[in-house]
Amino acid sequence: MSKIIAHDMSMSYPVLTNSSLSLKKKIINYLCGKKSSLSTSSLDNITFTLYNGDRLGLIGINGAGKSTLLKLLSGIYTPNTGSLIVNGNVSSLLSLQYGMKLWATGYENIRLRCLLNNLNDSQIEKITKEIEDFTELGDALEKPVNTYSSGMTLRLSFAIATSLKPDILILDEVIGTGDNYFLDKANARMKSFIQHSSVMVLASHSEQIIRQFCNKVLWLDKGVVRGFGCTDEVFKGYKSFIENKKRLFTVVEINL
């Protein structure tokens with residue numbers, strides 16, 4: 001069964017400063033018994049559990065730690081402390097063009113992604129036909145991707161990224177660029193993609209999108225969990241938090 005279990009998970013980054021680049025400063029710090037490097041906390045003691053059927057929405061203002069959490073769940077980062085268990089095949093759409101080879105043709109990119117996922121020839125043929133129909137790129141699939149327009153590249157990368165059905169789906173926002181015709185097709189495909197996943201984690205600034213796709217919400221603020229649970233309950237606290245920040249900002253602006 002697919003699941004994600006995070007327990008007291010923390011993540012921090014080293015901070016590169018002029019003093020950390022100075023050999024003299026490092027030697028002085030060493031002799032004085034001081035640490036020569038600084039770090040900043042991005043996530044602090046994060047705990048939550050997701051099981052089959054859970055659709056989690058991540059909310060929080062910029063800098064809350066949403067992107068870092070998505071990268072941890074995707075296996076790009078590992079936590080400094082605590083534990084993270086991710087059971088199931090993970091598909092991460094943090095960057096649609098991640099893994100695309102621009103010098104290769106569209107067909108070669110499709111086949112490469114399929115081979116990386118250990119698909120056999122019959123499965124590759126089926127997915128290739130599906131991507132041909134969805135993208136409507138025709139003969140362009142026989143040309144290198146670096147000859148494509150941005151819109152053509154978006155069509156191909158989105159189609160490839162959503163061609164495999166994962167157990168766990170990690171999303172940073174949903175697709176929001178392209179012509180209206182493509183957006184309608186992409187939204188329909190995305191809904192099907194989400195429905196076929198066992199567990200989904202989606203970061204978005206849109207309450208409408210979170211409510212449309214998610215049954216649980218995790219609210220992050222400066223790397224700390226401020227709320228986790230049902231959508232209505234967490235959004236109630238989050239909206240109150242945002243309104244208080246707006247009022248505080250208005251007061252400060254008036255005093256200035």
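Asp 232 and Arg 211 meet through their side chains in a salt bridge, 2.6 Å from N to O. Asp 232 sits in helix α9 (residues 231-255) and Arg 211 in helix α8, so this pair ties together parts that are 21 residues apart in sequence. Keep in mind that this is a predicted model.

Arg 211 has another partner too: Arg 211 forms a salt bridge with Glu 207, with the closest N and O atoms 2.8 Å apart. Here both residues belong to helix α8 (residues 207-213), and they are 4 residues apart, or about one turn of the helix. In general, an α-helix has 3.6 residues a turn, so residues three or four places apart point the same way.

For the whole structure, the search turns up 10 salt bridges.

How exposed are some of these charged residues? The table lists relative accessible areas.

| Residue | Relative accessible area | Class |
|---|---|---|
| Glu 207 | 25% | partly exposed |
| Arg 211 | 36% | partly exposed |
| Glu 243 | 38% | partly exposed |
| Asp 232 | 52% | exposed |

Now for the cysteines. How many disulfides does a search of the whole structure find? It finds 0. Cys 114 counts as buried, at 2% relative accessibility, whereas Cys 230 counts as partly exposed, at 39%.

Helix α5 (residues 121-135) is worth a look of its own. This helix has 15 residues and reaches 21 Å from its first C-alpha to its last, close to the 21 Å expected at 1.5 Å a residue. Which α5 residues are buried? They are Ile 124, Ile 127, Thr 128, Ile 131, Phe 134 and Thr 135. These residues cover an arc of only 130° around the axis, which puts them on the same side of α5.

What covers that buried set includes α4 (106-116), α6 (150-161) and α7 (180-196). On the face of α5 turned away from the buried side, you'll find the exposed residues Ser 122, Glu 125 and Lys 126.

Definitions and conventions. Residues numbered from 1 in each chain as written. Predicted model: local features only at pLDDT ≥ 70, side-chain atom pairs only at ≥ 80, totals over all residues. Heavy atoms only, no water. Helix = DSSP H or I, 4+ residues; strand = E, 2+ residues; numbered from the N terminus. Expected span 1.5 Å × (residues − 1). Buried < 20%, exposed > 50% of the residue type's maximum accessible area, 1.4 Å probe, protein only. Arc of directions from axis to C-beta. Contact = heavy atoms within 4.5 Å. Disulfide = S-S within 2.5 Å. Salt bridge = Lys/Arg side-chain N within 4 Å of Asp/Glu carboxyl O.
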